[in-house]
Amino acid sequence: MKVAVLTGGSSAERDVALASAGQVVAALRSRGHSVSVIDIAGGPIPRDREAELIGVAVGVAPPSIDHLIERERDFLLTGLAALPDVTQADAVFLALHGGRGEDGTLQAVLDLLHVPYTGSGALGSGLAMDKDVSKHLFRAAGVPTPDWTMVTRDSPVPTMPEFPVIVKPSKQGSTVGLRLVRSQPDLGDAIRYAADFDDEIMIEGFVPGRELTVGILDGTALAVGEIIPRHEIFDYECKYTPGMAVEIFPADLPEAVTAACRDLAKKAHQALKLGNYSRVDFRLTPAGELSCLEVNTLPGLTSTSLMPQSARAAGIEFPELCERICLTARTGGKVQ
């Protein structure tokens, strides 16, 4: 196959996207595919510069990306359609996280170009990126999720009935802009911090317990994993710094809990009208109750990422995972 890997972009998860791209490119080439790489905020990446620009280590904090926002916008408006590597590809692999690369914007452009791409369509991508909308759909599908309320930067700081709470931007990933708040006096600062990343902020009840995750591939729930971070929450540093979290696949759980987690993950995936793969995150309370936190439509594919570990524990090695994702690329919003 001729595969164009789109990566980079102008979201706060840019470094994660570039790290994912490095792994995906190597995996697809190892399976004999012809692969080109394009940064959607910078254009094509020459092969002799790939080692310099993709696959590098993710830092402990999100990068500064303000200077890339307009460049990405212009590229999506005019540059993408002018690249034969994209328009003539057998599959476009979206190694992107957050922002226009994951919220449905890029997906809509590729639909207009009739270019086959990996992941979910524009509608599902938009639904999943908006955490408020997602949680309404989870509950409608019978998937439990923590209670929440929505505010903006200019809203009065609400008086919360119970602490701790999680404060986070409604349309970000990788815990960017997220804080754990333990008392009312700290709530305003956390809201203002989250507002630097989005115009809507979610205040969500904190669920104590174990952190679980499960990948979805081709309609099947893969292995359930447990994450034990060195910090109290599985934050950006713990996600992308080797040694900052212990990740166990498959998780040591009762069979009934594993089965329930896999079933709820599929329900959450279907409720958001997603494509051939995703990753669904849960908390498991000490009482044994599962609570869905969110669904990632383009889960990380870095050397420390969870989706590849979930697949590997189900018998699918990383190169096969990437190839299978390509083989079910979408065309015009429809699965081939």
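Predicted model: local features only at pLDDT ≥ 70, side-chain atom pairs only at ≥ 80, totals over all residues.

Visitor: Why is Asp-39 called buried?
Guide: Buried means under 20% relative accessible area, exposed over 50%, and partly exposed in between (1.4 Å probe, protein chains only). Asp-39 has a relative accessible area of 6%, so it counts as buried.

Visitor: Where is the place of Asp-39?
Guide: Asp-39 sits in strand E2 (residues 34-39). Helices (H or I, at least four residues) and strands (E, at least two) are DSSP runs, numbered from the N terminus.

Visitor: What makes the link between the side chains of Asp-39 and Arg-14 a polar contact?
Guide: A polar contact is a pair of N or O atoms within 3.5 Å; within protein, one must be able to donate a hydrogen and the other to accept it, and residues adjacent in sequence count only if both atoms are side-chain atoms. The side chains of Asp-39 and Arg-14 are joined at 2.8 Å. A polar atom of the Asp-39 side chain also lies 2.9 Å from the backbone nitrogen of Ala-41.

Visitor: Which residues is Asp-39 in contact with, leaving aside its neighbours within four places in sequence?
Guide: Contact means heavy atoms within 4.5 Å. For Asp-39, the list is Thr-7, Gly-8, Gly-9, Arg-14, Ile-45 and Phe-75.

Visitor: How do you know that E1 and E2 pair?
Guide: Two strands pair if DSSP finds at least two bridges between them. E1 and E2 have 6 bridges, in the parallel sense. E1 itself is mostly covered, with 5 of its 6 residues buried.

Visitor: What makes E8 largely enclosed?
Guide: Of the 5 residues of E8, 4 are buried, so the rest of the structure largely encloses this strand. E8 pairs with E5 in the antiparallel sense over 4 bridges, and 5 bridges join E8 to strand E6 (residues 165-169), also antiparallel. Met-202 of E8 is the bridge partner of Met-150 and of Lys-168.

Visitor: What is the volume of the second largest pocket, and what makes it a pocket?
Guide: On a 1 Å grid over the protein atoms alone, a cavity is a set of points where a 1.4 Å probe fits but cannot get out, and a pocket is an open set with protein on both sides within 12 Å along at least five of seven lines; lining residues have an atom within 4 Å of a point. Grid points are joined across faces, edges and corners, and a volume is the space filled by probe spheres set on the points. For the second largest pocket that volume is about 270 Å³. Its lining has 15 residues, with Asp-147, Glu-162, Glu-204, Gly-205 and Phe-206 nearest the centre. E8 gives the most to this lining, with 3 residues.

Visitor: How many cavities are there?
Guide: The count is 2 cavities of 30 Å³ or more. The second largest cavity has a volume of about 40 Å³, and its lining includes Gly-8, Gly-9, Ile-40, Glu-72 and Arg-100.

Visitor: Why is Ser-125 called buried?
Guide: Its relative accessible area is 1%, so Ser-125 falls in the buried class. Ser-125 is in helix H6 (residues 122-129), and its side chain reaches the backbone oxygen of Gly-121 at 2.7 Å.

Visitor: Is His-114 buried or exposed?
Guide: His-114 has a relative accessible area of 59%, so it is called exposed. His-114 lies in the loop between helix H5 (105-113) and H6, and has a positive phi of about 55 degrees although it is not a glycine.

Visitor: What makes Asp-218 partly exposed?
Guide: The value for Asp-218 is 35%, so the in-between label applies. Asp-218 also has a positive phi, near 50 degrees, and lies in the loop between E9 and strand E10 (220-229).

Notes. Residues numbered from 1 in each chain as written. Heavy atoms only, no water.
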